[in-house]
Number of protein chains: 4
Amino acid sequence: MSGPTKAELRKERIIDTARRIFAEKGVHAATVSEIAQEAKVSEGTIYEHFSNKENLLFHIPEHFTQRRQRIGVYHLKLIQGAANKLRAYAYIYTELFHENPDYATIVLLYLKGNANFRQTPGYQAIRNWFRFLTEIINEGIESGEFRPNVDAYIVRALIMGAIDQVTVNWLMSGKSTNLMETVDPIVDAVMEGILNPEVDEDAHWSNWRRTKARLRNKTIPAKEKKEQAG
Amino acid sequence: MSGPTKAELRKERIIDTARRIFAEKGVHAATVSEIAQEAKVSEGTIYEHFSNKENLLFHIPEHFTQRRQRIGVYHLKLIQGAANKLRAYAYIYTELFHENPDYATIVLLYLKGNANFRQTPGYQAIRNWFRFLTEIINEGIESGEFRPNVDAYIVRALIMGAIDQVTVNWLMSGKSTNLMETVDPIVDAVMEGILNPEVDEDAHWSNWRRTKARLRNKTIPAKEKKEQAG
Amino acid sequence: MSGPTKAELRKERIIDTARRIFAEKGVHAATVSEIAQEAKVSEGTIYEHFSNKENLLFHIPEHFTQRRQRIGVYHLKLIQGAANKLRAYAYIYTELFHENPDYATIVLLYLKGNANFRQTPGYQAIRNWFRFLTEIINEGIESGEFRPNVDAYIVRALIMGAIDQVTVNWLMSGKSTNLMETVDPIVDAVMEGILNPEVDEDAHWSNWRRTKARLRNKTIPAKEKKEQAG
Amino acid sequence: MSGPTKAELRKERIIDTARRIFAEKGVHAATVSEIAQEAKVSEGTIYEHFSNKENLLFHIPEHFTQRRQRIGVYHLKLIQGAANKLRAYAYIYTELFHENPDYATIVLLYLKGNANFRQTPGYQAIRNWFRFLTEIINEGIESGEFRPNVDAYIVRALIMGAIDQVTVNWLMSGKSTNLMETVDPIVDAVMEGILNPEVDEDAHWSNWRRTKARLRNKTIPAKEKKEQAG
DNA sequence: TATGAATGAGCATTCATTCAT
DNA sequence: TATGAATGAATGCTCATTCAT
């Protein structure tokens, strides 16, 4: 019946303020005293809730992770087909950054490369969300929707790497570009690749063609015919 | 005839030491005094060459950028075909990280997200190298090797985003995985995409299919027949 | 009922210590750390009370200014006659230096010539005290006690300039002379001047005499007769 | 025949530059490196001529002292009458400040209160110039031009203290006032004093009158009659 | 004699963290 | 439990001075 306690609200206010100030001035330049002032608590109170400044930083994703868990995973399960799910995942992943640029700044610029963060429960939660993408990709492979020789880890790196990349550019450019519009092209490119199927494969010398052939010989014998025909 | 001057060697030694220590302990935790000590120069000498600690950080990529310019661009021009060039680019890009993990740490964890760095000549040099990939992709589109509806910015984000991603994972995992082995799979995936062409496109509902159709209608009318036939 | 708070006492102790050390070793040679140590506070506490070292320096006169305001001005108002007041002022002014040589050192050697200090409230307070002397002089002119052609600014410069001068000499000589004994002679000289009235004014050529005559013609016609008679 | 050597010119250029920069930014804020740069010599050269930064500071008055010695003393000896000489001295003293505000700044704000400077030959030269004023005053007492009970030290403090005072005010006000115009009023005031001889001495109670009487009883018995008559 | 790169001691200032109230 | 004054370790940076060339 009773909502969040006073202390919980206070804690959330601290995290919200920290997120904003960390993102605005950088984690190093931001001071605990400034966060306390803006959150309208004393510095001591911050240390009641967080063991130190870095610990406060590590708690910032918490709220967003929970939100994604509640909303994201639920909706994705309703979508049929791995391709559709993958696209939806990319949207949800990007949208969280788009709607919360301060969160994006902190995750992409401060937490991704922080070894200590990788030991926290906060990172485990994010990891679970990443694994969910792996599951989607594997589901697509199993269903035959995706090529059988697809490596889920690689595809995940492509999707998330590209989104991280364009998000950082978006953040650094003062959010002047349209982030959400890049989601579809990224997913499209990953879906279909960039090679032009209209072009005769033998038209030009290419170690790529040979690499591809080699890969297919190993993993997709069914395609051999077409390959030979090409 | 005379090689680098004493002062130049000294400066290089400072940068080399800074790179190592920044990467080892993090930029913030590293102290100028420690770098001076390990580089066997006085603290004052560091400030003779660099205006401040951050400026020293910003000079770290210089050497690598020059090296890449000399070697990378030269060799890439000898390779025929955009696909081959793109693969080679990915190799060179990854190899620099692989051979110089400290450099990778600094570029990926400290410089990519630093707004001040983006104002330096050091970033401009890196930018030129990025643009080179864009040129390769556009070359492939013009030659017909790549789909005409390919977006160079997106492909670049996919390639570099994925490599950055796997490199950070590699660094954070203590370099326990094999970084170079991920290059080919990444390039392969970008080349061919992940959709299984053996599967009937109408087998499942997919807004992706519709998106693809829309894109093709606009840009590759010649393919329509095949599309309709498939 | 409650006296000064703990924090106020602490602040006063910092100022007292700073005054002593600044005077002893010079403002530049004195270190904040030394002041902290001697005042038995941490360096951080100094910066809780003063924005920086110079700001601490600027707060040193505060206490003395207040004391003078309370005591000096009050007593001076009870004295009758501008000449008496002027003498008393000179005594009070000198006595403060005499009783507080460290304060004298700081005011005369460090603050008088500091442009930044002139922007502080501390200087305004001192200024008010200076103005009080101007008022005394003007009062003497109005009452006829002082010559009507007296320039208050000049007289103030004479009195205070002479006292500052002898005080600096006193300080630099290791306080070996008797500072207070110079007050009366200074005031006496300003009162009566140095010219010997017994000597015939025409006894020697003097552009001074002409200057004097010119001044009197302008402002004290009543004296002309005597002048001519003399 | 041969003028100053190259080295002498160099040394003078260093002193001139130091004077300007010390005055502009303050001795502490000025750096040896900046002085070297502006004087177009190397830092090392400065240390060829001066043992350290303070020593350079102490050499700044040299040139002016010599100039004053050459011009000042020579001209003063041509003037007849102590009063005239005293006025001339005040003019010369003030004019040097007026014509060379940087020199004034350094002497009044940095050297007057520097104990180390008092050990240098530079200070001895200035001291000689001060003594010259004492001699003038004593000459006036002996000739009967000045009151016999005049204290030369006090008069010197009055004249020079007042001029120093107004010069510092002039410097701190950005030289917006007219410094030279204050010389005559200062000398006039010292000559004649500020008491109004027209006013009946008994018209008001005054410990000053009593002080004066006491002083006269001691030293100028000749005046007793006039005093009693008054 | 002149140079100016190199030195390194020295210091003001900051700020995460603590703890008495 | 909350406060915020007090702490003091930690460090980037300066600059007078030196000395190899």
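In chain A of this predicted model, 67% of the contacts between residues at least 6 apart in sequence join residues at least 24 apart. Chain A holds twelve helices and zero strands. Of its 230 residues, 53% are buried. The chain exposes about 11100 Å², and carbon and sulfur atoms supply 50% of that area.

One residue illustrates such contacts. A:I163 sits in helix α9, which covers residues 152-172 of chain A. Is A:I163 buried or exposed? A:I163 counts as buried because its relative accessibility is 2%, and buried means under 20%. Beyond its neighbours within four places in sequence, A:I163 touches A:A90, A:Y93, A:T94, A:F97 and A:I186. A:Y91 is 72 residues from A:I163 along the chain, yet their C-alpha atoms are 9.7 Å apart.

The other part of the picture is DNA strand F. It is surrounded by 27 residues, the closest being A:T45, B:E43, B:Y47, C:T45 and D:V32. These 27 residues comprise seven nonpolar, eleven polar and nine charged.

| Residue and atom | Atom of DNA strand F | Distance |
|---|---|---|
| A:R10, side-chain N or O | phosphate oxygen | 3.4 Å |
| A:G44, backbone N or O | base nitrogen | 3.3 Å |
| C:E48, polar side-chain atom | base nitrogen | 3.5 Å |

α3(C) gives the most, with five residues.

Conventions
Residues are numbered from 1 along each chain as its sequence is written. Chains are lettered from A and ligands numbered from 1 in the order in which they are written. This is a predicted model: local features need pLDDT of at least 70, side-chain atom pairs count only at pLDDT 80 or more; totals for chains, interfaces and linings use all residues. Side-chain values use heavy atoms; hydrogens and water are left out. Helices (H or I, at least four residues) and strands (E, at least two) are DSSP runs, numbered from the N terminus. Buried means under 20% relative accessible area, exposed over 50%, partly exposed in between (1.4 Å probe, protein chains only). Contact means heavy atoms within 4.5 Å. Accessible areas come from the Shrake-Rupley method with a 1.4 Å probe; for residues, only the protein chains shown count as cover. A residue is near a molecule or strand if one of its heavy atoms lies within 4 Å of it. A polar contact is a pair of N or O atoms within 3.5 Å; within protein, one must be able to donate a hydrogen and the other to accept it, and residues adjacent in sequence count only if both atoms are side-chain atoms. Ala, Val, Leu, Ile, Met, Phe, Trp, Tyr, Cys and Pro count as nonpolar, Asp, Glu, Lys and Arg as charged, and the others, Gly among them, as polar.
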